[in-house]
Amino acid sequence: MSIYIHIPFCNGICSYCDFCKIFYNKKYIKSYLNNLRNEIVDRYKGEEVNTIYIGGGTPSCLDDDELVMLFDIIKEFNLSSDYEFTIEGNVESITESKLNIMKKYGVNRISIGVQSFDNDVIKLLGRRHTEKEAFDKINLINKYIKMNKIQSKKLTLKHYNFDKMLLDNILKRDIDKALKLDVKHISTYSLILEDNTLLKVNGFNGIDEDLDYEMYKYIEDILEDNGYVHYEISNYAKKGYESRHNLVYWNNDNYYG
């Protein structure tokens with residue numbers, strides 16, 4: 001059995017996002033988490049859990065105490081001995097303190113949303129970091145992971161997911177920069193202009209399907225040439241680092257949401 005938990009709070013709303021989310025407001029957090037606890041107690045039937053994925057929204061926008069509250073709720077689950085536990089985070093809200101909390105509660109994957117290393121594209125997408133901050137934060141996570149491997153294999157943040165959007169001729173530079181980092185998993189998504197998003201409202205023009213396909217094939221070829229396995233439409237991983245939770249959806253297996 002697998003678990004998906006949604007944290008619908010964000011410090012800002014990205015210009016392309018049509019997910020279920022609201023602006024972070026501290027007065028709502030405790031009520032939301034208490035209702036999450038009640039739902040889990042009411043509906044979870046005690047099955048052994050193999051994968052947990054905390055998405056959003058932006059789970060990492062929770063402060064330290066709120067993260068602890070969330071993870072205490074997750075202790076309700078009967079985890080298997082080799083569980084996979086992923087949490088999503090944004091560059092600007094990942095801190096060393098939060099990494100320590102994640103380690104304490106057994107998180108072993110971080111999906112970090114970068115989207116692009118080009119500062120103009122980052123701004124267009126409504127993200128709240130710079131290229132330098134993205135590299136600095138990924139290097140912090142990488143250093144933290146390697147440092148903590150010495151202490152405990154089970155509780156180590158052993159790898160993380162690098163997430164970006166496809167945007168025209170910026171693509172090749174972004175992929176080249178991504179390959180210079182020690183990331184074991186890369187997710188790539190075409191930019192889809194959804195109704196009621198800021199990009200769509202402002203009349204932003206996307207790329208045509210032929211160029212989109214060329215970009216897709218470029219990514220596929222270069223990542224496979226660099227040792228990544230293309231194990232799902234949008235996901236590439238070094239061998240042994242495939243997201244088991246992604247495959248739950250891909251294989252139409254059972255999960256709680």
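## The loop between strand 4 and helix 2

G57 lies in the loop that links strand 4 to helix 2. The peptide bond leading from G56 to G57 is cis, and its omega is near 15 degrees. Helices (H or I, at least four residues) and strands (E, at least two) are DSSP runs, numbered from the N terminus.

The model is predicted: local features need pLDDT of at least 70, side-chain atom pairs count only at pLDDT 80 or more, and totals for chains, interfaces and linings use all residues. Residues are numbered from 1 along each chain as its sequence is written, and side-chain values use heavy atoms, with hydrogens and water left out.

Strand 4 (residues 48-56) runs parallel to strand 5 (residues 78-90), and six bridges join them. Two strands pair if DSSP finds at least two bridges between them. V49 has L79 of strand 5 as its bridge partner. Together with helix 2 (residues 64-74), strands 4 and 5 form a right-handed β-α-β unit. Right-handed here means that, with the strands pointing away from the viewer, the path from the first strand over the helix to the second runs clockwise.

Strand 5 is also joined to strand 6 (residues 109-115), by five bridges, and these two strands run parallel. The bridge partner of I87 in strand 6 is I110. Strand 6 also holds Q115. Q115 is not a glycine, yet it has a positive phi of about 75 degrees.

Helix 1 (residues 26-43) packs on helix 2 at an angle of about 5 degrees, with the axes 10 Å apart. Helix 1 is therefore roughly parallel to helix 2. Axes are lines fitted to C-alpha atoms, for helices over the stretch in contact, and angles run from 0 to 180 degrees between N-to-C directions. Angles under 35 degrees count as roughly parallel, over 145 as roughly antiparallel, 65 to 115 as roughly perpendicular and the rest as oblique. K26, I29, K30, L33, N34, L36, R37 and I40 of helix 1 meet E66, M69, L70 and I73 of helix 2, where contact means heavy atoms within 4.5 Å. This contact of helix 1 with helix 2 has seven nonpolar, one polar and four charged residues. In these classes, Ala, Val, Leu, Ile, Met, Phe, Trp, Tyr, Cys and Pro count as nonpolar, Asp, Glu, Lys and Arg as charged, and the others, Gly among them, as polar.

The axes of helix 2 and helix 3 (residues 96-104) come within 10 Å and cross at roughly 15 degrees, so helix 2 is roughly parallel to helix 3. Their crossing is right-handed: a crossing is left-handed if the near helix is turned anticlockwise from the far one by less than a right angle, and right-handed if clockwise. On helix 2, D64, L67, V68 and F71 meet S97, K98, I101 and M102 of helix 3. The residues in this contact of helix 2 with helix 3 are five nonpolar, one polar and two charged.

## Helix 6 and helix 8

Helix 6 (residues 171-179) and helix 8 (residues 209-225) have axes that come within 11 Å and cross at roughly 20 degrees. Helix 6 is therefore roughly parallel to helix 8, and the crossing is right-handed. L171, K172, I175, D176 and L179 of helix 6 make the contact with M215, Y218, I219, I222 and L223 of helix 8. By class, the contact of helix 6 with helix 8 has eight nonpolar, no polar and two charged residues.
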